[in-house]
Amino acid sequence: MRPPEEDDTANSPGRRIRRKLSWRAEAARRFADAAATEDEARPEAGARAVRHWGADAVRGLLDVQFRRPATRTLLPLVYLLGLVFAVTLPVVCTVLAWGISALLGVLAALLALPFALTIAAAVRLFLEFLVNASRLATRVEHISDLADDLFQVLSEVAEPVNQLSEDVRAVQFWRFRRGSRK
């Protein structure tokens, strides 16, 4: 522990400035909390975790006011539905093509796998874009909080600096008067 200085009274400018400059630690804590919340949205293995994830997904779907973000919670469900769609659509197209003619059925069967892979890749890329946009929004919010905190600290530091500036301007002994020497 450091010894108390004469400037360490509870309301001294030095103490207030040191206390306000601790905004970095507070901002880092908030960012860590936001990252932990983001990690909690990932589903884990196990029946209990699946039930918990299902409850969160239903809560997210029923939140018509959009007060809680459900992007990270609903992503696994959307991805699974996208994969089902990526497999089902080429199979249905192939069956319908077989019904029209055998030649179209063979052609559809040859194109079914690349078509399914293309749909699956598009779904995956779109969902990864959403995840990255969600992460970016979290970081932008964190940067905005940092800027607000920094503005507050700088405005509180500016007041004593302005007072010092006024006090220095009030001192007249260092100014030279014109015409006083003859």
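Hello everyone! What we have here is a predicted model, where local features need pLDDT of at least 70 and side-chain atom pairs count only at pLDDT 80 or more, while totals for chains, interfaces and linings use all residues. Residues are numbered from 1 along each chain as its sequence is written, and side-chain values use heavy atoms, leaving out hydrogens and water.

So, which residues make up the largest nonpolar core? There are seven: Leu 75, Ala 86, Ile 119, Ala 120, Val 123, Leu 127 and Val 131. Five of them, the largest share, come from helix H5; helices here are DSSP runs (H or I, at least four residues), numbered from the N terminus. Leaving aside neighbours within four places in sequence, Leu 75 is in contact (heavy atoms within 4.5 Å) with Leu 127 and Val 131.

Now for the salt bridges, meaning a side-chain nitrogen of Lys or Arg within 4 Å of a carboxyl oxygen of Asp or Glu. The structure holds two. In one, Asp 56 pairs with Arg 59, with the closest N and O atoms 2.7 Å apart. Both sit in helix H3, three residues apart, about one turn of the helix. Asp 56 is buried at 15% relative accessible area, whereas Arg 59 is partly exposed at 42%.

The other joins Glu 128 to Arg 124, again with closest N and O atoms 2.7 Å apart.

Methods:
A nonpolar core is a set of buried Ala, Val, Leu, Ile, Met, Phe, Trp, Tyr and Cys residues joined through side-chain atoms within 4.5 Å. Buried means under 20% relative accessible area, exposed over 50%, partly exposed in between (1.4 Å probe, protein chains only). Helices (H or I, at least four residues) and strands (E, at least two) are DSSP runs, numbered from the N terminus.
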